[in-house]
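Good morning, and thank you for coming. Please look at the sequence and the model on the screen while I speak.

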Amino acid sequence: MSVQNTNKNIVPPSEIERQREYTELVRTVLSSRFADVPKAFVHTYGCQGNVADGERLKGMLRDMGFAFTDSPDNADFVLYNTCAIREHAEDRVFGNVGKLKNIKSARRHMKIALCGCMTQQERVAELIRTSYPFVDIVFGTHVTHRLPEFVYRSYGTGKRVFETGESGGVIAEGVPLSRDSGFRAWVPVMYGCDNFCSYCVVPYVRGRERSREPGVILNEIRQAVGEGYKEINLLGQNVNSYNGGMNFPALLREINSIDGDFTIRFMTSHPKDCTRELLDTMADCEKAAKHLHLPVQSGNNRVLGEMNRRYTREQYLELVSYAREKMPGLSITSDIIVGFPGETDTEFRDTLSLVEAARFTSLFMFIFSPREGTAAAKMPDETPHAEKVARFQELERVQHEIALELAAGMAGKRLRVLCDSFGDGDIVTAKTEGNMAVRFKGTPDMPGTFQEVVIEPGDSWKLTAALDGCDK
């Protein structure tokens, strides 16, 4: 059923045009200051949504006149696109930024910029302001499209630029794009989140839910497919909440009708909004990969309630059952947090039993990391870290055994895979439709193409295969 897009936060075309004018001004400045083409180093941390943002950041820098380098050591402009989902991610960013101090001492003209989810947090922005004076530009998630303006201001005034004000979130269309891959495209369909899970900082740094117009999305995908992209990844903090004039299943059907040989993937799906309509649509759409990433986070109902997930263990397992009924052989992956505040050993056992029942292809597992400003950060947490680590290791063991069994059951199956890379020993790495990694002997021209392979018997969760029809 179609629904009206009520988003009012689209950046006006006049603002995008203003940034193009800044882009040309930066090109003029760079040509006057550098004898050779200046080099930019861009590094993105975190989720695929950040990767998509990073591709737009690179597109703007390219249009400003920068080439790209794989190392900050010889860069004239360094940009870190940051993640705030866990404390470890923040520590990595600060560690790498700290290392830039000496590099900048030797390259006095170097500009350093930080953006993304970390910098949208006031405490982080203030820490950078006071403790990292060599960082030139800091901006948050809601003003990414204004990068040309910030770069021009930094070069023009020599002063630091800080733009991290709060916002409900915007959508900026018409921003240039420089994709990292020649065959795998990341396409955001919506931004932000309204769920406010008690452990998650995303709604505070990414803003409220807002959806792109379906026509804009479809045009971007048609262009990517026309350029030869073989995998289209639809992105959103919760793609199930897409509300751009149609719902997400309807959007999926529209994309599936686009001419071309490509696969559709999407993430992330929130279980409370994962409907039978969506699962039916996945089953009906031949281009939709039969892979569902459905984060469960815990297998215990009390913990799920404290997490504000708004579904039960029973509802989750019923979804899994229905999905596999509609799509036999469906690959399901998930996320789990171990050691949520107040989680008892008995409640953790509920998570283990859910994992055994759901039989995930793979799991992203994390030990709880408190995020300042979230409800969970204020909850009593008396479980020793060592006990959380022990639970984490037990979960790893259980999931590893399941993965081994699933891999063993793949032997002899003929699959269509998308090739990623070619390396030593003539080995091609690829991904199955179920998002499982597979390796086989191939040729240098295979990356970015679909190939038919036969899975070989093995004793590892890492699949090996042979090209279908090839003599070994």
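Which residues in α1 meet which residues in α2? Thr23, Val26, Arg27 and Leu30 in α1 meet Arg62, Asp63 and Met64 in α2, where contact means heavy atoms within 4.5 Å. By class, this contact of α1 with α2 has three nonpolar, one polar and three charged residues. Here Ala, Val, Leu, Ile, Met, Phe, Trp, Tyr, Cys and Pro count as nonpolar, Asp, Glu, Lys and Arg as charged, and the others, Gly among them, as polar.

A word on the source. This is a predicted model, in which local features need pLDDT of at least 70 and side-chain atom pairs count only at pLDDT 80 or more, while totals for chains, interfaces and linings use all residues. Residues are numbered from 1 along each chain as its sequence is written, and side-chain values use heavy atoms, with hydrogens and water left out.

The protein has 13 helices and 19 strands; helices (H or I, at least four residues) and strands (E, at least two) are DSSP runs, numbered from the N terminus.

How are two packed helices described? One gives the angle between their axes and the distance between the axes. Axes are lines fitted to C-alpha atoms, for helices over the stretch in contact, and angles run from 0 to 180 degrees between N-to-C directions. Helix α1 (residues 13-33) and helix α2 (residues 48-64) pack at about 55 degrees, with axes 8 Å apart. That makes α1 oblique to α2; angles under 35 degrees count as roughly parallel, over 145 as roughly antiparallel, 65 to 115 as roughly perpendicular and the rest as oblique.

Let us turn to a second pair. Helix α12 (residues 345-358) and helix α13 (residues 385-408) pack at an angle of about 15 degrees, their axes 10 Å apart. The two helices are therefore roughly parallel to each other. Among the contact residues are Phe348 and Leu352 of α12 and Leu395 and Val398 of α13. The residues of this contact divide into six nonpolar, one polar and five charged.

Finally, the sheet. Three strands form an open sheet in the order β12-β13-β14, with parallel pairing; two strands pair if DSSP finds at least two bridges between them. β12 (291-293) and β14 (362-367) stand at the edges, each with a single partner strand, so one side of each is left without a neighbour in the sheet. Strand β13 (residues 331-338) pairs with β14 over six bridges, and Thr333 stands opposite Ser362 in β14. Helix α13 packs on this sheet, touching β13 and β14.
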